[in-house]
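Work through these exercises with the sequence and the model open. Try each task before you read its solution.

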Amino acid sequence: MPMDIDLSLLAPVLQKHEGRGDALITILQEIQEVYSYLPEEALNRLSREARIPMSRIYAVVTFYTQFYLKPRGRNIIRVCRGTACHVRGGSLILDAVERELGITDGETTPDLEYSLETVACIGACALAPAMVVNENTYGKMTPSEAAKIVSRKEKKEQKVE
Ligand code: FES
């Protein structure tokens, strides 16, 4: 999905660090703060202006899980696939959420409303199966409850009221 990126937003970040390659992680974090992810065009510009090879930039970006190369949704849904959740039907929760949103693990809805991720454990094993929507943890989920929580239909209806 091609998106127009406003590269002028990048200038303050590059100026601040004056192309210091040793600050690469910090620069990438700041670029991600600006765009919510790391657009390829922004990384190309960083590479040119700071004279950092793209191979080095990508090595860092792909090493750290904090960096995202694709746009992320305004709402982040994390379904737990840890052992406790798995044995209590975590995969059914994931199926239900995937069906409801029409995306699979690691994807974002085209309207950038939701991103779906799976995580190893969210530290709520006693509440398995569990999932997190933004900052809110939901435990002892059933597939229908999980689908309801992420349901777009319901949210639209709520807005109309
Ligand atoms: S395994 Fe799911 S919360 Fe720990």
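This is a predicted model: local features need pLDDT of at least 70, side-chain atom pairs count only at pLDDT 80 or more; totals for chains, interfaces and linings use all residues.

**Exercise 1. Decide whether Glu18 counts as buried or exposed.**

Solution. Count the C-beta neighbours of Glu18 inside 10 Å: there are 9. The cut-off for exposed is 12 or fewer. Glu18 therefore counts as exposed. Now place Glu18 in the chain: the residue sits in the loop between helix 1 (11-17) and helix 2 (24-35).

**Exercise 2. Describe the overall build of the protein: which elements, in what pattern, and in how big a box?**

Solution. Start with the elements. The protein has 8 helices and 4 strands. Next, read along the sequence: the pattern is α-α-α-α-β-α-α-β-β-β-α-α. Then take the box along the principal axes. The C-alpha atoms fill roughly 50 × 40 × 20 Å. Last, check burial: of the 161 residues, 19% are buried.

**Exercise 3. Find the domains and state how far apart their centres lie.**

Solution. The domain assignment gives domain 1 (7-63) and domain 2 (75-160). Their C-alpha centres lie 32 Å apart.

**Exercise 4. Work out the strand order of the sheet and the direction of each pairing.**

Solution. Go pair by pair.

- Strand 1 (75-80) and strand 2 (114-119) run parallel, joined by 6 bridges. Here Cys80 stands opposite Val119 in strand 2.
- Strand 1 and strand 3 run antiparallel, with 3 bridges. In this pair, Val79 stands opposite Met131 in strand 3.
- Strand 3 (residues 131-133) and strand 4 also run antiparallel, again through 3 bridges. Met131 has Tyr138 as its bridge partner in strand 4.

The 4 strands form an open sheet in the order 2-1-3-4, and the pairing is mixed.

Direction ignored, neighbouring strands are turned by 20° against each other on average. Helix 6 packs on this sheet and touches strand 1, strand 2 and strand 3. The direction of helix 6 makes about 155° with that of strand 1.

**Exercise 5. Identify the residues of the largest nonpolar core that touch the most other members, and say which element gives the largest share.**

Solution. The core has 17 residues. Those touching the most other members are Ile77, Val79, Ile93, Val97, Met131 and Ala146. Now trace the suppliers. Strand 1, helix 6 (90-101) and strand 2 each give at least two residues. Helix 6 gives the largest share, 5 residues.

Zoom in on Val79. Leaving out residues up to four places away in sequence, Val79 touches Gly90, Ile93, Leu94, Val97, Thr118 and Met131.

Then look beyond this core. A second, separate core holds 8 residues, including Leu10, Ile31, Leu38 and Ala42.

**Exercise 6. Find what share of the contacts between residues at least 6 apart in sequence joins residues at least 24 apart.**

Solution. Begin with contacts between residues at least 6 apart in sequence. Among these, 63% join residues at least 24 apart.

How values were computed:
Residues are numbered from 1 along each chain as its sequence is written. A nonpolar core is a set of buried Ala, Val, Leu, Ile, Met, Phe, Trp, Tyr and Cys residues joined through C-beta atoms within 7 Å. A residue is buried if 20 or more other C-beta atoms lie within 10 Å of its own, exposed if 12 or fewer, and partly exposed in between; C-beta atoms are placed from the backbone. Two residues are in contact if their C-beta atoms, placed from the backbone, lie within 7 Å. Two strands pair if DSSP finds at least two bridges between them. Axes are lines fitted to C-alpha atoms, for helices over the stretch in contact, and angles run from 0 to 180 degrees between N-to-C directions. Domain bounds come from an automatic or database domain assignment.
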